[in-house]
Structures are given as structure tokens and as C-alpha cells.
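Try each task on the structure before you read its solution.

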Amino acid sequence: MDLDVFVSAHRAEWDRLDALLRRQRRLNGAEADELVVLYQRTATHLSLIQSSAPDPQLTGRLSQLVARARSAVTGTRRASWRDVTRFLTYGFPAAVYRSRHWWVPTGLLSTVVAAILGWWIATHPEVQSSIAAPSQLQDLTRPGGQYETYYSSHPAASFAAQVWTNNAQAAAMCLVLGAFLCVPVIWILFQNMLNLGVGIGLMSSAGRLDTFLGLVLPHGLLELTAVFVAAGTGLRLGWTLIDPGPRPRRVALAEEARAAVGMAIGLALVLFVSGAIEGFVTPSGLPTWARIAIGIAAELVFLAYVYVLGGRATRAGATGDVEESERSASVPTAA
């Protein structure tokens, strides 16, 4: 594309669109129709320039022009409770369901890694001694030790809030950092599995693995599932950058990134539930079986939510991306 020729051919249309947008008075019918036509043409011009002859200054000007025109054509839209309901029953479960081929294997592999690390630590005293001194290990694993008192060391409400904040940040980092070719996500996930493996190994070597699992499972099932979903989605986002498929790389990355942002909001709500369980149920006086049953119930509810609502929404065409009317204008591309 000869950019100078293209600009000369369409500058008058852009200036006319800008003039219509600056009108102080209400547009008449003919002017409103002209505004819509010029908005559509300018959006197409912007897509052509971005794909064929990107020029930062011209792209910036047309992007602002298209955004102003879109606002004038569609009007200012405010979020409503209907949007929240649609997101929770349609967009978010569909996004999680679509990513299941990434986060389910991620979760299974991560669990295996944590189990292997736990077995290795439990069966190798020299590894345990490299983690901490024997007296410190005893303080961690003894009845009433730090592994047990950790969950009741702070008031339940503040502890739940702290856990929720930390986990939500970790999930958001997995989602966002996936764009950096997956490497940061793998590192964050490994750190989480290493911490879990150390706990399994040390408590198992002390003959108290059942106590450890009784403390971890009530909240850990849902919490780890949320982390696996975030990590799997982050890996998918990174792979989209490597292999976008039939879509242009910029379009594919934008679509998956928008879905990932929505998932960060949804997973924050899921982690709020797991944080509440960790703050109020895990340290409670309930029998171990009752606490674990609550954790299993929460996990089953989430999986049913994803596979029933998410599967139904996906079959209806949902992808977890924003509404088509809210996306940037684009032109068709050949497959």
C-alpha cells in the first residue's frame, strides 16, 4: 500500500467525519446517516493501515476518530446488573470451559509434580536438612506446630482477606504474564507446587500427612483449581503469541487477552470463596471429614458450573470475549 496515496484519497472523508463529530447542534437525519457511513469507512481504513502500512501517528489519529465516532453512533453505555449476570452465567464459565484443554492437563501435571516432590523430600533426610534445621522442622510438623497454627494465627476475617488478596494476585500474574511466552507462568506454578510438595514431604516424614491433608484439602481443592485455570489460560495466551492459528497474531492476542482479563475477575470471585473457606472452615472445630466434605462440595459446584453453564454457553457461541459491538472494528482476513 502506498500510504501517501491512500491518505490523499481518504483525507476528505476523515475531515468530514471529524467535522460532524464536532457539531454543537443536533445532527439531522441525513447527517446522522452520513456519520454512520463515514464511521464504518474510517474503521475499515484503520484496519487496512494497521495490517498493511502501520504508521504510528496516522494510526493514533484514526483510532481516536473511530473511538469518538463509535461513541456518537452507539451512545455511552453503562454497565448494569444484567451485564454482571450475563458475565457470571455466560461469559466467564464459557471462557473457563474453552480453556479446559489447557488447565486440566496443567492441573494434573502439577499435582503429579507436587506428589513427586513430596515423596522425594519425605524419603531423603538430607533434603529435609537442607530446608531447615531439625529443631525448626520439629516446630513445623509437631502437633500444634506452625503448620497447624498457621490457619488460626490471625482473626478469621483478616486472614481470609489476606489469603484472597495473595491468591488473586498470583492468579492475575499467571494470566497476564502468559503473554511473555509462557515462561513466567511455569515458574509461578512450579513455586506453588514446590511449597505444596515441601509441606507434604515434611508432614509425611513426621507421620502426620493425614493432618496436613485435613488442613489443606478444605480450601486447597478450589484454590488450586483456580490457580490451575489461571496458569492454563496464561499458557494458552502465550501459545497464541507463538501460534495464532488462522487469525492475525494481533487479533488473536487481543481476543485471548480480553477473555483472560474477564477470567481474572471471575477467578477473583472463586478465590474469594476459597479464601473464606480457608479463613473460617479450615481452622474451625468441625471434624476433619466435615471440613473436607465442604471443600469437595465447593469444588464439585465449581466444576458443575464450568461444565454445565460453560459448556452450554460455548455451544451457543460464547467465547468469553466482550460483546461484538464493543470490539475494535476489523476487516475480514483470508484463512
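**Exercise 1. At what angle do the axes of helix α5 and helix α13 cross, and within what distance do they come?**

Start with the helices: α5 is residues 100-122 and α13 is residues 288-315. Helices here are DSSP runs of H or I with at least four residues, strands are runs of E with at least two, and numbering starts at the N terminus. Next, the geometry: the two axes cross at roughly 155 degrees and come within 13 Å. Since angles over 145 degrees count as roughly antiparallel, that makes α5 roughly antiparallel to α13. Axes are lines fitted to C-alpha atoms over the stretch in contact, with angles from 0 to 180 degrees between N-to-C directions. The crossing is left-handed, meaning the near helix is turned anticlockwise from the far one by less than a right angle.

Now the contact (heavy atoms within 4.5 Å): Arg 100, Trp 103 and Val 104 of α5 touch Leu 303, Val 306 and Tyr 307 of α13. Sort them by class and you get five nonpolar, no polar and one charged. Ala, Val, Leu, Ile, Met, Phe, Trp, Tyr, Cys and Pro count as nonpolar, Asp, Glu, Lys and Arg as charged, and the others, Gly among them, as polar.

A note on the model: it is predicted, so local features need pLDDT of at least 70 and side-chain atom pairs pLDDT 80 or more, while totals for chains, interfaces and linings use all residues. Residues are numbered from 1 along each chain as its sequence is written, and side-chain values use heavy atoms, leaving out hydrogens and water.

**Exercise 2. How do α2 and α3 pack?**

Take α2 as residues 29-52 and α3 as residues 56-74; their angle is about 150 degrees, with the axes 9 Å apart. α2 passes α3 in a left-handed crossing. Among the residues that meet are Leu 35, Tyr 39 and Leu 46 in α2, and Leu 62, Val 66 and Arg 70 in α3. By class, this contact holds 13 nonpolar, four polar and one charged residues.

**Exercise 3. How do α1 and α3 pack?**

Helix α1 is residues 3-21, and it packs on α3 at about 35 degrees with the axes 11 Å apart. This crossing is left-handed. Residues in the contact include Trp 14 and Asp 15 of α1, and Arg 61 and Leu 65 of α3.

Notes
Parallel < 35°, antiparallel > 145°, perpendicular 65-115°, else oblique.
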